[in-house]
Amino acid sequence: MYELALSATSMAVDLLPSSSSFSFFSPRISYIKTNIFSPFSKTQKRRACFILVSVYKDVWRRLPGETTSLLSSSPQRRPRKQRVLHLDHSVDMDELLASISQTSNEQELFSLMSIYKGRQLSIRFMVSLLSREPDWRRSLALLDWINEVALYSPSVFAYNVVIRNVLRAKQWELAHGLFDEMRQKALAPDRYTYSMLITYFGKEGMFDSALSWLQKMEQDRVSGDLVLYSNLIELSRKLCDYSKAISIFSRLKRSGIAPDLVAYNSMINVFGKAKLFREARLLLQEMRAGGVLPDTVSYSTLLSMYVENGKYVKALSVFSEMNDVRCPLDITTCNVMIDVYGQLDMAKEADRLFWSMRKMGIEPNVVSYNTLLRVYGEAELFGEAIHLFRLMQRKDIEQNVVTYNTMIKIYGKSLEHEKATNLVQEMQNRGIEPNAITYSTIISIWEKAGKLDRAAMLFQKLRSSGIEIDQVLYQTMIVAYERAGLVGHAKRLLHELKRPDNIPRETAITILAGAGRIEEATWVFRQAFDAGEVKDINVFGRMIDLFSRNRKHTNVIEVFDKMREAGYFPDSNIIALVLNACGKLREFEKADAIYKEMEEEGCVFSDEVHFQMLSLYGSRGNFQMVDSLFGRLENDPNINKKELHLVVASIYERANRLNDASQIMNKMKERGVLNS
């Protein structure tokens with residue numbers, strides 16, 4: 001037996017299993033708003049009402065013969081406006097809500113509300129009632145009663161509340177329909193309407209839809225606020241779509257909204273993740289110019305950015321600046337700097353900072369201990385590492401899987417293989433479960449100790465146990481086989497990834513691309529993309545990099561097109577690779593279109609992307625565009641002027657336009673660019 005359900009804004013049909021008795025509260029029932037035209041005026045207005053067709057009874061349907069105010073056959077006119085004495089203070093809203101919660105269909109709800117049909121309750125009261133109604137279906141029915149039975153003037157506040165309710169229930173089509181209904185009733189969606197739509201669609205991962213709402217908002221000349229743009233930036237950041245976050249940040253500033261400290265700190269992180277280090281550093285200057293002082297989070301985010309990309313000297317410079325401006329340190333800053341000192345072979349400075357943290361009022365956490373352990377291990381201070389590890393246990397300082405993984409690696413480095421193996425048993429006895437890094441470290445230690453049989457046995461045991469094998473563990477075993485000369489075993493593991501059964505396809509693609517297996521990676525990528533399984537933007541980047549390194553320029557563009565189809569924004573590095581592929585294929589128009597589209601979207605390019613576009617214009621012989629772009633970049637304070645002039649001079653020189661090349665070089669000398 002089935003019930004036919006129609007939704008509030010689409011004609012989609014769901015077949016739902018029914019029982020012999022209908023319950024309004026059944027989570028299986030979905031209500032669909034369908035378009036019904038009722039003769040309220042000479043031009044038939046679209047009307048939305050709830051219908052549920054059941055084998056036993058119709059709970060939301062008005063039969064054609066019924067004479068209700070909603071579906072009356074004679075035209076109705078909205079009564080003239082007259083002063084109404086509202087009964088808001090004489091009606092207990094809690095009691096009314098309790099009564100509404102007992103209704104099981106639209107007719108019962110309308111019957112309950114019929115005593116207020118003369119609009120004895122103010123629209124403010126009705127909006128409050130809507131906002132407190134937890135069931136999205138009843139709130140929709142109540143909105144219908146407000147608009148079409150009690151004939152209140154349409155209220156944007158009422159629609160905003162109901163849109164919020166249906167968004168909370170993830171009824172996306174209903175939200176679209178209510179938005180359209182607002183416009184049909186000559187209501188202008190306001191900032192809150194758009195803010196809700198953008199935020200809820202974005203949080204659900206429907207980022208293209210969220211951006212389309214933003215576009216509609218801008219077309220309607222509705223000004224967004226800082227919270228809205230900040231939410232979009234944060235969503236983009238969580239989705240690793242850093243170019244999109246940069247584009248939204250540019251829109252925020254273009255709209256005249258001044259970013260606050262939180263927005264700036266988010267963007268420092270975004271620029272860092274996008275590897276736009278200069279732009280991230282320049283944000284500190286922009287903050288000060290705008291009267292926003294960088295705080296500890298600003299500096300620690302910048303420090304983390306440099307450390308993640310191996311720029312330890314620059315991190316040291318930022319830390320020095322932080323001390324110069326007397327910005328207070330926090331636990332994150334100290335942990336990052338302990339790591340920086342370790343990476344620069346400054347173990348004594350790392351040790352000194354760690355033991356001085358308590359004097360600064362900062363209690364070291366497990367990350368602090370783990371970082372210092374790693375510094376000791378890399379400096380081959382094995383005695384100090386073991387002492388610190390046991391000190392943590394004596395003082396009941398929390399130890400986690402990272403602590404044990406670090407110590408296992410240290411024992412492996414000191415050639416104490418059995419102690420490393422025993423630590424795995426110890427951590428399990430303490431209730432700390434080994435992870436893929438633990439096992440890959442052990443496999444690597446055994447392989448180096450010449451115990452490949454034990455390593456292979458452990459790997460097979462892990463695979464048969466159903467544990468998800470990550471890319472680190474897989475690659476460790478492949479490297480172990482290759483080092484032992486067992487190339488056939490390594491190839492077999494790689495071939496198995498073509499049809500992975502115990503790891504996600506995205507992981508398989510990453511492993512295959514990292515191993516340079518073009519054919520297998522391409523096959524798995526296409527299968528995964530067609531199945532809608534490629535959700536990580538980094539997978540697209542890996543494939544573009546793989547094809548670019550192997551001069552598969554057509555494939556580079558293929559993956560880029562799929563990336564854009566999936567709604568992702570490429571970063572500056574990917575754009576550079578794609579422009580290079582377009583140039584190799586002599587597809588200059590496509591390169592120009594990509595460059596302009598990404599620039600219009602607000603993407604921030606590295607200097608190399610601009611220079612590459614100049615070279616492509618030169619290769620095509622379009623020197624008018626070379627001159628135009630050169631003139632624009634000359635006025636950009638963020639561009640390296642020396643490199644810019646040298647690139648343009650070389651373009652003219654290759655085209656045998658020696659006079660133009662000479663003029664560029666003379667211009668460099670006149671402006672002192674050559675010595676900069």
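User: What makes a group of residues the largest nonpolar core here, and which residues have the most contacts inside it?

Analyst: A nonpolar core is a set of buried Ala, Val, Leu, Ile, Met, Phe, Trp, Tyr and Cys residues joined through side-chain atoms within 4.5 Å. Buried means under 20% relative accessible area, exposed means over 50%, and partly exposed lies in between (1.4 Å probe, protein chains only). The largest such set has 140 residues, and those with the most contacts inside it are M113, M126, L129, W145, I198 and M477. Another core, of 59 residues, lies apart from it and includes A528, F569, L644 and V647.

This is a predicted model, where local features need pLDDT of at least 70 and side-chain atom pairs count only at pLDDT 80 or more, while totals for chains, interfaces and linings use all residues. Residues are numbered from 1 along each chain as its sequence is written, and side-chain values use heavy atoms, with hydrogens and water left out.

User: How do you know how confident the predictor is, and where does pLDDT stay under 50?

Analyst: pLDDT is the predictor's confidence in each residue, from 0 to 100. The mean for the protein is 79, and 82% of its residues reach 70 or more. Over residues 1-78 the value stays under 50. For that stretch the model has 192 contacts beyond four places in sequence, where contact means heavy atoms within 4.5 Å.

User: How much of the protein counts as buried, by the cut-off above? And what is its secondary structure?

Analyst: Of the 676 residues, 50% count as buried. The secondary structure comes to 34 helices and four strands. Helices (H or I, at least four residues) and strands (E, at least two) are DSSP runs, numbered from the N terminus. Among contacts between residues at least 6 apart in sequence, 60% join residues at least 24 apart.

User: Why is P328 called exposed?

Analyst: Its relative accessibility is 54%, so P328 counts as exposed. P328 is found in the loop between α14 (312-324) and α15 (331-343). Leaving aside neighbours within four places in sequence, P328 is in contact with T296 and M322. P328 and M360 are 32 residues apart in sequence, and their C-alpha atoms are 9.5 Å apart in space.

User: What is the phi of A186, and why does A186 count as exposed?

Analyst: A186 has a positive phi of about 65 degrees although it is not a glycine. A186 counts as exposed because its relative accessibility is 69%. The residue is found in the loop between α6 (172-184) and α7 (191-203).

User: What is the phi of R551, and why is R551 exposed?

Analyst: R551 is not a glycine, yet its phi is positive, at about 60 degrees. With a relative accessible area of 66%, R551 is therefore exposed. R551 lies in the loop between α27 (537-549) and α28 (553-565).

User: What makes an open space a pocket rather than a cavity?

Analyst: Both are found on a 1 Å grid over the protein atoms alone: a cavity is a set of points where a 1.4 Å probe fits but cannot get out, and a pocket is an open set with protein on both sides within 12 Å along at least five of seven lines. Lining residues have an atom within 4 Å of a point. Grid points are joined across faces, edges and corners, and a volume is the space filled by probe spheres set on the points.

The largest pocket has a volume of about 670 Å³. It is lined by 28 residues, and the closest to its centre are N405, K409, I410, T441 and S444. The largest share of its lining, eight residues, comes from α19.

User: How do the residues of the lining of the largest pocket divide by class?

Analyst: They divide into ten nonpolar, eleven polar and seven charged. Ala, Val, Leu, Ile, Met, Phe, Trp, Tyr, Cys and Pro count as nonpolar, Asp, Glu, Lys and Arg as charged, and the others, Gly among them, as polar.

User: How many cavities of 30 Å³ or more does a search of the whole structure find, and which residues line the largest?

Analyst: The search finds one. The largest cavity holds about 40 Å³ of space. Its lining consists of S243, I246, A274, L276, P570, D571, S572, I575, C603 and V604. By class, that lining has seven nonpolar, two polar and one charged.
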